[in-house]
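Reader: I have the sequence and the model open. Please take me through some of the packing, one question at a time.

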Amino acid sequence: MAIVVSVILGSVRPGRQGIRAAKYVQKQLEALDAKVHLIDPVALDIPLFGQRFDYIPEADRSPALVDLHAKFTESDAFVVVTPEYNHTYSPVISSLLNYFYHNEFYYKVAGIASYTMGPYGGVRAAIQLRPYLGELGLVTIPKILPFPVIQALLNEDGSVQAGAAGADGLAAVSRTFFPELLWYAQAQKTARAAGTP
């Protein structure tokens, strides 16, 4: 059975560049036979976090939130795609993920992809995001997937722009990031099936 990965886009800004990174991640994972849920907070239109999904009465849960819960529960792994805002990750991410906790995230793996329009690819945001994901119960893989100067690296559909200066670096990181994520996801899926603490 295929590994299921939720790719979570962490931006709702007009003209956001992150959709390019999210689509790149989606294509790379699908090429490795993973099933991918692309989680776009703009399409979901879920309110700012107020209380955990488990505490919301069933009648008050929006269809989008119920669907998101099902996708997260099904997922073996997550890739969080974050911009860098003020040297940290987007608040869109914590607002969305805070709805869920143990049943959706524990004993699963996450990878971090970060992006900026500048030269550092959002790595400061990625470093800030790692301990937060750990507190949700996710194990993050060692590799980070940065997208520096994303507007000159990826097209709108997630493909790499012809002649992009960072194309070789992105390809090199991708060759280890995606197999590492799926290796951890398979190992933890096998372990979950045998029983959790």
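Reader: How many aromatic pairs does the count come to?
Author: This is a predicted model. Rings of Phe, Tyr and Trp pair if their centres lie within 6.5 Å. By this rule the count comes to 14 aromatic pairs.

Reader: Is the aromatic pair of Phe72 and Phe100 stacked or edge-to-face?
Author: The centres of the Phe72 and Phe100 rings are 5.4 Å apart, with 80° between the planes. Planes over 60 degrees apart count as edge-to-face. The pair of Phe72 and Phe100 is therefore edge-to-face.

Reader: How many residues apart in sequence are the parts that this pair ties together?
Author: Phe72 lies in helix α3, residues 63–74. Phe100 lies in the loop between α4 (91–97) and α5 (102–105). The pair therefore links parts whose separation in sequence is 28 residues.

Reader: Are helices α1 and α7 roughly parallel or oblique to each other?
Author: Helix α1 covers residues 18–31 and helix α7 residues 167–194. Their axes are 11 Å apart and meet at an angle of about 60°. Roughly parallel needs an angle under 35 degrees, and roughly perpendicular 65 to 115. The two helices, α1 and α7, are therefore oblique.

Reader: Which class do seven residues of the contact of α1 with α7 belong to?
Author: From α1 the contact uses Tyr24, Val25, Gln28 and Leu29. From α7 it uses Leu170, Ser174, Phe178, Leu181 and Leu182. Two of the contact residues are polar and none is charged, while the class with seven is nonpolar.

Definitions and conventions:
Residues numbered from 1 in each chain as written. Predicted model: local features only at pLDDT ≥ 70, side-chain atom pairs only at ≥ 80, totals over all residues. Heavy atoms only, no water. Axes fitted to C-alpha atoms, helices over the stretch in contact; angles between N-to-C directions. Helix = DSSP H or I, 4+ residues; strand = E, 2+ residues; numbered from the N terminus. Parallel < 35°, antiparallel > 145°, perpendicular 65-115°, else oblique. Contact = heavy atoms within 4.5 Å. Nonpolar A, V, L, I, M, F, W, Y, C, P; charged D, E, K, R; others polar. Phe/Tyr/Trp six-rings, centres within 6.5 Å; stacked < 30°, edge-to-face > 60°.
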